[in-house]
Amino acid sequence: MVGVALKLVKCIVHASIEEKMKYVWWIAIMICCVGCSTAIKGTAMKVHAIRLKPGDDLKQSISSFVKEKNIQAGWIATCVGSLTDYSIRFANQPQSTKGSGHFEIVSLVGTLSVNGSHIHISISDSTGQTIGGHLSDGCKIYTTAEIVIHESNELIFTREKDGSTPWEELQIRRRKE
């Protein structure tokens, strides 16, 4: 890959502005790919993919999957899907806000563990208005939720009070070999 990048750099010298922009774009992609593959080398990681069906509760289904697979240190890599009902706790609010309709899941992120998970969701309605916050029980799948979860075999996530906030926060430990 580095050899290809060097050849592209040599071609840039004699290229038009438009061609130079194309070459720069390809070099940037190659650099990103090299960085990604280097970051993953030597990492003990599993990848899980699940699909939820209409009527499934998003949070409860993820929690059940985490328990079933005994995931100690996981995170949501991606999710696409839709909801008919949502229940989201907005920032600094004591209770969740609920709503019904048809909503696209535009983001689902978080840390997952049998020792406690922390998940945020963003959804948009038919006008594109987007809201987000803490995922709560009561988010019902409309058509599907296609979720990819990554899991580290080297770490353990727990949630404990550490004095930095009043809440149980993520604590990260290495697994004992």
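This is a predicted model: local features need pLDDT of at least 70, side-chain atom pairs count only at pLDDT 80 or more; totals for chains, interfaces and linings use all residues.
In soluble globular proteins, nonpolar side chains tend to be buried together. In the present model, the largest nonpolar core contains 25 residues, and those that touch the most other members are Leu58, Ile62, Leu83, Ile105, Leu108, Ile121 and Ile147. At least two residues of this core come from each of the strands β1 (45-52), β2, β3, β4 (118-124) and β6 (140-152), and likewise from the helix α3 (58-68). Strand β2 makes the greatest contribution to the core, supplying five residues.

The surroundings of isoleucine 147 illustrate how separate parts of the chain come into contact. When residues up to four places away in sequence are not counted, isoleucine 147 touches His48, Ala49, Ile50, Leu52, Leu58, Ile62, Ile76, Thr78 and Cys79.

With neighbours within four places in sequence left aside, the contacts of isoleucine 123 are Leu83, Tyr86, Ile88, Phe103, Glu104, Ile105, Val106, Gln129, Thr130 and Ile131. One of these contacts, leucine 83, is 40 residues away along the chain, although the C-alpha atoms of leucine 83 and isoleucine 123 are separated by 8.4 Å.

Two other contacts of isoleucine 123, Tyr86 and Phe103, also form an aromatic pair, and the count of such pairs comes to one. The ring centres of tyrosine 86 and phenylalanine 103 are 5.1 Å apart and the ring planes stand at 85 degrees, which is over the 60 degrees required, so the pair is edge-to-face. Because tyrosine 86 belongs to strand β2 (residues 74-89) and phenylalanine 103 to strand β3 (residues 97-112), the pair ties together parts that are 17 residues apart in sequence. Both partners are buried, as tyrosine 86 has a relative accessible area of 13% and phenylalanine 103 has a relative accessibility of 11%.

The cysteines were considered next. A disulfide is a covalent bond between the sulfur atoms of two cysteines. The search of the whole structure, however, finds zero disulfides. Cysteine 79, which is among the residues touched by isoleucine 147, is buried with a relative accessible area of 6%, and cysteine 139 also counts as buried, at a relative accessibility of 0%.

Terms used. Residues are numbered from 1 along each chain as its sequence is written. Side-chain values use heavy atoms; hydrogens and water are left out. Rings of Phe, Tyr and Trp (its six-membered ring) pair if their centres lie within 6.5 Å; planes under 30 degrees apart count as stacked, over 60 as edge-to-face and the rest as tilted. Helices (H or I, at least four residues) and strands (E, at least two) are DSSP runs, numbered from the N terminus. Buried means under 20% relative accessible area, exposed over 50%, partly exposed in between (1.4 Å probe, protein chains only). A disulfide is a pair of cysteine sulfur atoms within 2.5 Å. A nonpolar core is a set of buried Ala, Val, Leu, Ile, Met, Phe, Trp, Tyr and Cys residues joined through side-chain atoms within 4.5 Å. Contact means heavy atoms within 4.5 Å.
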